[in-house]
Amino acid sequence: VNAVAARWREPDHGIWEIRDMPRPHVHSRVMCWTAVDRGLVLCEEVLGRSRPDWEQLRDEIGSDILRNGFSESANAFTSAYGSETIDAASLCVGLSGLLPADDPRVDGTIRAVERELSTPHGIYRYCCEDGLPGREGAFHLCTSWLIESLAMVGRQADAEQLFEVLCRAAGPLGLLSEEVDAEHGIALGNYPQAYSHLSVINSAIRLGQAQP
């Protein structure tokens, strides 16, 4: 939390390490908010202490994200402050608990990701110039984030359908790569990829929690 307090305003290259000038990325700021929020929970439940200064920090970061990270024209949280680029990582605004599931800005972000980043084999991270050669593949981690988001807002059938897409991407040994060719379904990137498997676990847990 002290590290967050010292550095949360710094621009960065985001979770995807975009080859561009550092910017205030929505996902990065939400992760700072999450660190403080969870730190407060641990401080209270483990140490029995309250930290009003941490509460103030958390609220300050949250207000900054809500004020600068949402695009009215896109009706979604975008990749970075002042950007119109839709980024699957911005689903973290709802998944982290920064906003409740029934907030219209969460719904708008989910629908923007569906509209602009969906492929038959999963969800792109983004669709913009990133300074790297080659075509973007569907990222299993991003597919999982959308599955969790859909389940969180009560769209269980849509979440289950996308979960089947994620599970079908596993190879003969039941292992998942980092991403998949969006047109042909061919595994791309690191293989096997640990966070792709954690994605399946997280998605399954969220789907189970959402069931009546």
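Me: In this predicted model, which hand does the crossing of helix 6 and helix 7 have, left or right?
Reply: Let's find the two helices first: helix 6 covers residues 140-152 and helix 7 covers residues 156-168. Where they cross, the hand is left-handed.

Me: Are helix 6 and helix 7 roughly parallel or roughly antiparallel?
Reply: Look at the angle: the two pack at about 160°, with their axes 8 Å apart. Angles over 145 degrees count as roughly antiparallel. So helix 6 sits against helix 7 in a way that's roughly antiparallel.

Me: How many charged residues are in the contact of helix 6 with helix 7?
Reply: Helix 6 brings residues including Leu146, Ile147 and Leu150, and helix 7 brings residues including Asp158, Leu162 and Phe163. Sorted by class, there are 8 nonpolar and 4 polar residues, and the charged count is 1.

Me: What about helix 7 and helix 8: roughly parallel or roughly antiparallel?
Reply: Helix 8 is residues 194-210, and its axis comes within 11 Å of the helix 7 axis, crossing at roughly 155°. That crossing is left-handed. With the cut-off at over 145 degrees, the pair is therefore roughly antiparallel.

Me: How many nonpolar residues does the contact of helix 7 with helix 8 have?
Reply: Among the residues involved are Phe163 and Leu166 of helix 7, plus Val200 and Leu207 of helix 8. By class there are 2 polar residues and 1 charged, while the nonpolar count is 8.

Me: How many residues are in the largest nonpolar core?
Reply: Trp16, Ile61, Ile65, Trp145 and Leu146 touch the most other members of that core. Ile65, for one, is in contact with residues including Val30, Trp33 and Phe70. The core's residue count is 54.

Terms used. Residues are numbered from 1 along each chain as its sequence is written. This is a predicted model: local features need pLDDT of at least 70, side-chain atom pairs count only at pLDDT 80 or more; totals for chains, interfaces and linings use all residues. Side-chain values use heavy atoms; hydrogens and water are left out. A nonpolar core is a set of buried Ala, Val, Leu, Ile, Met, Phe, Trp, Tyr and Cys residues joined through side-chain atoms within 4.5 Å. Buried means under 20% relative accessible area, exposed over 50%, partly exposed in between (1.4 Å probe, protein chains only). Contact means heavy atoms within 4.5 Å. Axes are lines fitted to C-alpha atoms, for helices over the stretch in contact, and angles run from 0 to 180 degrees between N-to-C directions. Helices (H or I, at least four residues) and strands (E, at least two) are DSSP runs, numbered from the N terminus. Angles under 35 degrees count as roughly parallel, over 145 as roughly antiparallel, 65 to 115 as roughly perpendicular and the rest as oblique. A crossing is left-handed if the near helix is turned anticlockwise from the far one by less than a right angle, and right-handed if clockwise. Ala, Val, Leu, Ile, Met, Phe, Trp, Tyr, Cys and Pro count as nonpolar, Asp, Glu, Lys and Arg as charged, and the others, Gly among them, as polar. Lists of a residue's contacts leave out its neighbours within four places in sequence.
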